[in-house]
Every structure is written in structure tokens, then in C-alpha cells.
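Here is a friendly walk through one protein chain, from its overall form down to single residues. Please keep the sequence and the model open beside the text as you read.

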Amino acid sequence: MAKTSWRKEDNIVLIAYLWLLIQIIIGYNLVLPLVLYIFSTFKRKYNPPIGEGREFDYGIIVTSYEQVYTIPDVVESLLKLEHSNFHIYVVADKCDISGLHFTDGRVTIFRPEETLASNTKSHFYAINRFKRPHECVTIIDSDNLVLPNYLTELDLYFNAGFEAVQGVREAKNLNTTFARLDAARDIYYHFYDGKILFKLGSSATLAGSGMAFKTQLYRDCLENNDVIGAGFDKVLQYRILSRNLRIAFAADAIVFDEKTSKSDQLVKQRSRWINTWFKYFGYGFKLLFKSSRNQFVFGLILLRPPLFIFLLLSLVFMFLNIFISATAVVVWLCAFIAFVLGFYIALAKSETDKRIYQSLVNIPKFIFYQVLSLLKVRKANKHSVATTHYVHSAADKPAENES
């Protein structure tokens, strides 16, 4: 029997199929948000039972690395919580705490003897020294401020049976173009990766702070698995989803988070974040092959590259198709329109400050600095493990500084 020969035409067909597959893998990220939003309109919004249940006992962990000047503000904010059952633990890692003094008995300051340089190590440093066995733990960054109803809103979801809850991180500062564009990005992710995913029966992605867990769940997921560098929230959400638990999205549990206001701050922070995506995106494949809709949909989201990466790749493919296929160019153009529409929906549905809309013309500049971050991704973990903060409080209005 004669062997079938592999012809030159077969190579061309194979290359054509691979070319098409790669474009689909990149391009679906442009249309997925709008598709998810459309599907969500057929789902009823989840409303946790109000007026039922009890107050949970919270250990509030505030982590700080090298800087403590924002700590008095965050503690003052937490002490105004409309809740009677919490204790605040400040872990001041590699910090001078001589200027920190709190007379309220609900505040404990820890200054670890050795530098921890790790989010999870700081968290468990506090957990292992809790004044009492708190049923829930919530993570707050040293630059965050909270609304008085923060814990009350979390209670609603814990009373409804959830073991993990992500709140909303709103912008504490909109003082520069970078801060406004950073806020726009957060609004986009909170809308699709929080509100829409949860409404569709999946889980909200974790944001690193403004999140709460049953203490035992947090221990089970991370106690014996220290995460080096940034990305503990990526590991944590994967381990929660691996148990087929849902992470609830609490739209009214709001923390105010400092947005990146300077270019060097943006580059260092994003290089760490990009590094964590490359390090952990493979978790998405593992969840795709699990049994539930919760895990499958969440797995799709984990596989999505950072926003600027798939936008730039999409532009490259659309440009290349100018010389290959006019039809493909039209398809790419339609996909970009779908993305822009989806982005606008996220902003329009989120009561976005008009200054954020005005800053959108500077998106190319914002993307440029993220490309610089990508070039430095291999050295990301050599940067400080924490972002340098420049905004002292929500009331501060620093002079406009775009540098």
C-alpha cells in the first residue's frame, strides 16, 4: 500500500487553521464581556436576605510594608464601623512603629521581629496571634479606607451561607490622569469579574483587599502554602474554586483604594501584576475541566491575558489581516466595537466620575507604560513587595502631576 505523501498544499491548510485558531484565542477576549453581560440580563440579581442572621466576629488584618504613615487613617476609618464584633490587627512589616499609638482596645499592632516580605506571612502572623478565635477574617491594605457599613454588608453574605466574599474597591484619589485610568480599569474588572460573573452563578475574582473569608477556609487554602511575591489572591481564589465554593460579590461592601498616580509607580506595580498572570494563568485550564458552571466560567476568566496585552495583540492581528483577508479585518473591527461597547456599559452602569471619562483619551499613554512594565516583568519580584503610596487621605488633593 502506497504511503500518503504530505503535500505543500497541506502545509498551507495547516498554517491557515493555526492562524485562525490563534486569532480566535485572542479575539474572543474582546467579545466575551459583552456576551456575558447579555446573558446576565436574563438572570435575576442575587439579593442576600436582609434583616436575618447575626453579626459575625471579624479579625481585620491591615498589612503594611516599610510605610506606616497611612495607618492612622485606615485605623480611624475602621474604628467608625457600624459593627460591634471586630478586632483590628496591624502587621507593620519592616516598619518604624514608634509614631503609631492607639488607645482603643480594639487595635493591636504587630511589628514582626524578622522581615516577612510576604502578604500571606503577614496575614498568618496576625491569625496565629488573634486575641480570640474570630470566625471571619477580612483583609485591608494600608492605603484603604472603608465605609461604616462594610462589615454589615459582609454579614449579609456570610449569613446567606457563603464562605468567601469580595467587596468593591473604589478610587480614593483621582488626582492624576494615571489615577483616573487606573480607576476606569478597576471599574471594568469589578463590573465583569465581580458583578456579572456572580450574577451568572460563578464567582467574583479576588482583588487583594476588601475581601473576607471564613477563617477556617483561609487557613485550609493558604496556611501551609506560602506564596512568594505578589499573587496570593490568585492562588487563594483557585483553591476556593477547586472546592467548588463560590466567591460572593458584595457591591455595597466598599473600600476606597489608592490608585496609581505616577508613571514609575504604575510600571513597578504592573510588572508585578503581569508576572503573577504568567505565573498563575494555568489555573484556568485546571478549572475548565472541573464539573460545575461556577468553575468553568471562572476558568475562562483566569485564562484571559491582562487588558492591554490582548488589546495590543488584537490590533496587530487586525493590521496583518489587511494584507491577508478583508473579511477578517471586518470581523476584528466588529470585535473591537463589541469591546468598546462592553467597556462603556461597565462605566455607565457604575456611576463613573466624569473625570474618568475625560481621561480615556490618554489610554494609549497608559498602555505605553504597561508595555514598559511587560519588559520588566522578569525582574518584577526584585521590586518592593508593596506599592509606594502617595495619597495621605481621601481628602487630600495633591497638585496635578502626570510624571
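The report below begins with the basis of the model and then turns to the chain, its sheet and some loop residues.

## Basis of the model

This is a predicted model, in which local features need pLDDT of at least 70 and side-chain atom pairs count only at pLDDT 80 or more, while totals for chains, interfaces and linings use all residues. Residues are numbered from 1 along each chain as its sequence is written, and side-chain values use heavy atoms, with hydrogens and water left out.

## The chain as a whole

The protein chain has 14 helices and eight strands; these are DSSP runs numbered from the N terminus, with at least four residues (H or I) for a helix and at least two (E) for a strand. With a radius of gyration of 23 Å, close to the 22 Å that the globule rule gives for 403 residues, the chain is as compact as a globular protein of that length. The radius is taken over C-alpha atoms, and the rule is 2.2 Å times the number of residues to the power 0.38. Along its principal axes, the C-alpha trace spans about 85 × 50 × 40 Å.

Of the 403 residues, 53% count as buried. Here buried means under 20% relative accessible area, exposed means over 50%, and partly exposed lies in between (1.4 Å probe, protein chains only). Contacts are heavy atoms within 4.5 Å; among those between residues at least 6 apart in sequence, 81% join residues at least 24 apart.

Two strands pair if DSSP finds at least two bridges between them.

Strands S1 (residues 58-65) and S2 (residues 86-93) run parallel and share eight bridges. Within this pair, threonine 63 stands opposite valine 91 in S2.

## Strand S7 and its neighbours

Strand S7 (residues 211-214) is covered on both faces: Met211 and Phe213 on one side, and Ala212 and Lys214 on the other, are all buried. Strand S4 (residues 136-141) runs antiparallel to S7 and is joined to it by four bridges; valine 137 has phenylalanine 213 as its bridge partner in S7. Strand S6 (residues 164-171) also pairs with S7 in the antiparallel sense, over three bridges, and here glutamine 166 has methionine 211 as its bridge partner.

Glutamate 66 sits in the loop between S1 and helix H2 (71-79). Although it is not a glycine, glutamate 66 has a positive phi of about 75°, and its relative accessible area of 39% makes it partly exposed. Alanine 117, in the loop between S3 and helix H3 (119-127), likewise has a positive phi, of about 50°, without being a glycine. Alanine 117 is partly exposed at 28% relative accessibility.

Leucine 245 belongs to the loop between helix H7 (232-242) and strand S8 (247-257), and counts as partly exposed at 24% relative accessibility. Which residues does leucine 245 contact, leaving aside its neighbours within four places in sequence? They are Glu163, Ser203, Leu217, Ile240 and Asn294.
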